[in-house]
Every structure is written in C-alpha cells, then in structure tokens.
Amino acid sequence: MNIPAELKYTKSHEWIRREDDGTVTIGITDHAQEALGDIVFLDLPEAGRVVAAGEECAVVESVKAASDIYAPVAGEIVAANDEALDAPESVNADAYANWLFKLKPANAADVDALLDAAAYADIAADN
Amino acid sequence: MARITPLHAVHVAAGARMVDFAGWDMPVNYGSQIEEHHAVRSDAGMFDVSHMLALDLTGADATTFLRTLLANDVAKLTVPGKALYSCMLNDEGGVIDDLIVYYFAADTFRIVVNAGTADKDVAWMRKQIARTGANVTLDAHRDLAMIAVQGPNARAKTWHAIPGSESASAGLKPFFAAQVGDMLIARTGYTGEDGFEITLPATQAADLWQSLTAAGVAPCGLGARDTLRLEAGMNLYGQDMDEATSPLNAGLSWTVDLKDADRAFIGRAALEAAPATQQMLGLVLLERGVLRAHQQVFTDAGEGETTSGTFSPTLQQAIAFARVPLGVAVGSTVEVDIRGKRLKARTVKLPFVRNGQSLI
C-alpha cells in the first residue's frame, strides 16, 4: 500500500500535507481511490467557506459510488483544485499528486493530532 | 460463507476486486471498470455469470405449465433453441423474478433465473407445480457454469477459442441457442452488444475462460456489467422492479402477453385490474454530477424516482432510469434531487446505447 510517511491521515481516508505558508493540502489516499474505482466526478468546496472538523465539504464519485470527503480539521477553505475538477480520473492515476482542496486551519495544533502513516496503515489494512 | 462459482479461483488469481453479490463472492472489476466497459462496446469482454441458476423443465405439461407460470407466452416459441424473456409474477401482479426461457421441444425447456432470487424462484415453481398438478419435472443445475462473451468481436473470438464451434453457432440468430457438444451457446446477453452466453459443465469453465483470454477477450466484472446494461436500457431485478412493482410500471409491458384472452397466467387478473400509472424513461443529466438510484424526480406531471443511475462511460455523462407519471413526455426537462440540490435532466426513450452507438 502506498502511504507516504511525511503526510498526516484521517480514519475516513483523507491525506493532509502541511505547507510552508501554514495552510494544509487535502486529498484522498491511494487506498481510497483504489476502493472507489474509476472516479468520474468531483464536487469541491469554494474558497472562503469556513468548515468545522469532520464537516462534509467535498464529494468524490466513482462509476460505482459517491463518497463524502470531510474537513480533517476546522478552518477556512483557501483553494480547490480546478484541474482535478476537469480531470477526475487524475485522482486514480496519482491520489497524492492530485489534491482536492487547501484549508487554513483555525488551530495549527489540530493537524498534529491527526493520524501518522503507521496508524493509518493499520486502518487501511482493516478495510 | 459466501458462495463461489467454478471460476472463483481464476478471478482471485487475476487480481480481481471481489465483492458480495446476492450471497456470492464475485469480481466487481479486474482493474479499470471503465476500460472493461469500453472493451465490450468496442471489441469483446467476458463475464462470469455462473451465479445465475439454470433449470430444466421437462414433461408432457411443460408448455401448458409455463403458459400459466409466466407473463410472456411460451406458445410463441416454436423453433427449437428460441429464447424468450419473461417476468414471473405473483398473484398480486408483482415481479418475483425476470428470466430467460429457452424452448427445445414442447416438453423440454431451459430456464435461467437470477442468483439472488434463485431459491425463492424454485420454491415458487415447485409450489405452482403442486397446485396445478402439472406433469412436469424441474431440475436445478448447480453443476454448470455460465460465461457471457459480449461485444462486436465476441462471436469471432469465441469461435477462435472453441474449435469447431463456428459451424454450429454462426447461423444462430439473436435470441437463439444451440447445443454444441457439452455447451449450450446462446446469442443472448445483457449489454446491448452482440455476443454469446455459454453454459457448460462447471469442470470445463476455467479452461474455456483461459482460452477466451488467449483469444483476446477481456475479463469484465459486475461493475462494467451494470453500466453496460444501464446504457442498454435493461432492467435489473431488485433494483428496477421487485415483488411490489407491476411490470406495467417498470417498462416491461412489452413482455406481458395478453393476446390470448383464455390464458390465465399468474398475476394477470391483478394486472388487468390495475393498469399502468407510471412509465420507465431514461434520464440524461444536463448538469455536472452523477445520477444514482432512489433520487427524487420532479416533473410537471408529478413526482417520480430514479431506480438505477450511473455515469455512462459511452456517453460521458450521467444517466438513469426513472419511474415517472405517464404524463411525462420524452424530450422534456425534469429536475432530480441530487444530494439536496435540484439539477436538470432530460427525459429520453430507452435504451441509451445499442451496438456501440449512442441513441440519444
């Protein structure tokens, strides 16, 4: 399973990368894209939207099913990946390069509390 | 424990993603479901459909019995090998199952039913045999495998894979079957493409699968099977109709044969007492999103509901079947509630795709 060590993760299969400017970039894991199958549609949040931790803020739809994407921490959406919007299949091709949205956390320490790669690997192995 | 088909080990070895389907551990895809879909539309793909159940009905009263059991009329079948699609209804006119019946002689039929309904189908048939006192024997075959080979090149690749099969099956018209050695080769399918459905002894299934693979036929899972049948406008039992649904409201009126006024098939009285109130139309989403089953549909003539929906790989847009009031015209614009938003969709006549071509 492809689970980069430098990223943070959630139980609901999002990955989170800390950026130098204090924002975080969010996508779905390789395990998640594999389970979903061919992705054909993304619904991404608008910049400026304020979200609570665990709030539904995006949708990834494959041919098979729709899957909700949750904000891993509270904060404000600062960008959505328009390129992925136009090419949803790119998330299947590389789930870590093709992010979904960026968020400015309300509290930077919230990100530290997310799962590390080893903890996420255990969760992914179970489903 | 999930049940497995004679090809289960082959699927697992091929790296298929396996899922539970009606109690069977079946391949949903081997890699990209969309590529599998396109293989069937443009070349040839194959599906393990061994979870479906083949039944042989034989005996002096076989024709008479089936004319009572089924909503379509097997009296239409007079040429050996000819197949007929029919619903089997309950007394209330609801659909117990949809099935294919093959005619070999007036006293010899093969029936193929869905996996998820097989047990209740057999129980229902046995109950009706007992009730009518028909002189028939019903034999269920779990010693058989079924492989559907579908696509514009499916027949040619099958002939390549099964030496000697071409002479016996090249003359088959659509919806006809022929016995070729141990195999029953039928020119039928569930994809809207040409092709065969091959029934053979379970012990020979893995060898045939390998031969078909070697002939360039792509293994395809239940995922592609679902998008293909949806594009082809074909109902899925349990999703587009069930025991609470009249075939007249599920786009299946064409399979209910009322011509012979004296034929009192099970469910007929209920259907005649309750004419259709709804129709099954196709929907094509006009905005970004994906249609799914059980989304609410708003029309000028009242509300309806999607029964199946997906992203169509051939059309590159979302499509669905919708059960809507009879007053809704083909070509009209309706609204569908998708995750709390009302998006516009256009109604179309089914099917969406036939023989690789868009019909919308």
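In which sense, parallel or antiparallel, and over how many bridges do strand 1 of chain A and strand 2 of chain A pair?

Reply: Strand 1 and strand 2 (residues 14-18) of chain A pair in the antiparallel sense, over two bridges. Pairing requires at least two DSSP bridges between the strands. Strands here are DSSP runs of E with at least two residues, helices are runs of H or I with at least four, and both are numbered from the N terminus. Lys8(A) has Ile16(A), in strand 2 of chain A, as its bridge partner.

The model is predicted: local features need pLDDT of at least 70 and side-chain atom pairs count only at pLDDT 80 or more, while totals for chains, interfaces and linings use all residues. Residues are numbered from 1 along each chain as its sequence is written, and chains are lettered from A and ligands numbered from 1 in the order in which they are written.

The pair belongs to an open sheet of six strands of chain A, ordered 1-2-3-9-8-5, with antiparallel pairing. Strand 1 (8-9) and strand 5 (50-51) of chain A are the edges; each has a single partner strand, so one side of each lacks a neighbour in the sheet.

Around this sheet, chain A has five helices and nine strands, which follow one another from the N terminus as β-β-β-α-β-β-β-β-β-α-α-β-α-α. The radius of gyration of chain A (over C-alpha atoms) is 13 Å, close to the 14 Å from the globule rule for 127 residues (2.2 Å times the number of residues to the power 0.38), so the chain is as compact as a globular protein of that length. Its C-alpha atoms fill a box of roughly 35 × 30 × 25 Å along the principal axes. Of the 127 residues in chain A, 43% are buried, that is, have 20 or more other C-beta atoms, placed from the backbone, within 10 Å of their own.

Chain A also meets chain B: nine residues of chain A are in contact (C-beta atoms, placed from the backbone, within 7 Å) with 13 residues of chain B. On the chain B side, helix 2 (33-42), helix 8 (222-231) and strand 16 (302-312) each give two or more residues.

The largest nonpolar core has 127 residues, of which Leu100(A), Leu66(B), Val101(B), Ile147(B), Val149(B) and Leu283(B) touch the most other members. Such a core is a set of buried Ala, Val, Leu, Ile, Met, Phe, Trp, Tyr and Cys residues joined through C-beta atoms within 7 Å. Its largest share, seven residues, is supplied by strand 6 (residues 95-105) of chain B.

Leu66(B) lies in helix 3 (residues 62-69) of chain B, where Ala62(B), Phe65(B) and Leu69(B) are buried as well. Beyond its neighbours within four places in sequence, Leu66(B) is in contact with Leu57(B), Val74(B), Val101(B) and Phe109(B).

Ile147(B) and Val149(B) point one way from strand 9 of chain B, together with Ala145(B). In strand 9 (residues 144-150) of chain B, seven of seven residues are buried. Strand 9 of chain B pairs in the antiparallel sense with strand 3 (residues 45-48) over four bridges, and with strand 12 (residues 195-201) over seven bridges. Phe47(B) stands opposite Ala148(B), and Val149(B) opposite Phe196(B).

How values were computed. Two residues are in contact if their C-beta atoms, placed from the backbone, lie within 7 Å. A residue is buried if 20 or more other C-beta atoms lie within 10 Å of its own, exposed if 12 or fewer, and partly exposed in between; C-beta atoms are placed from the backbone.
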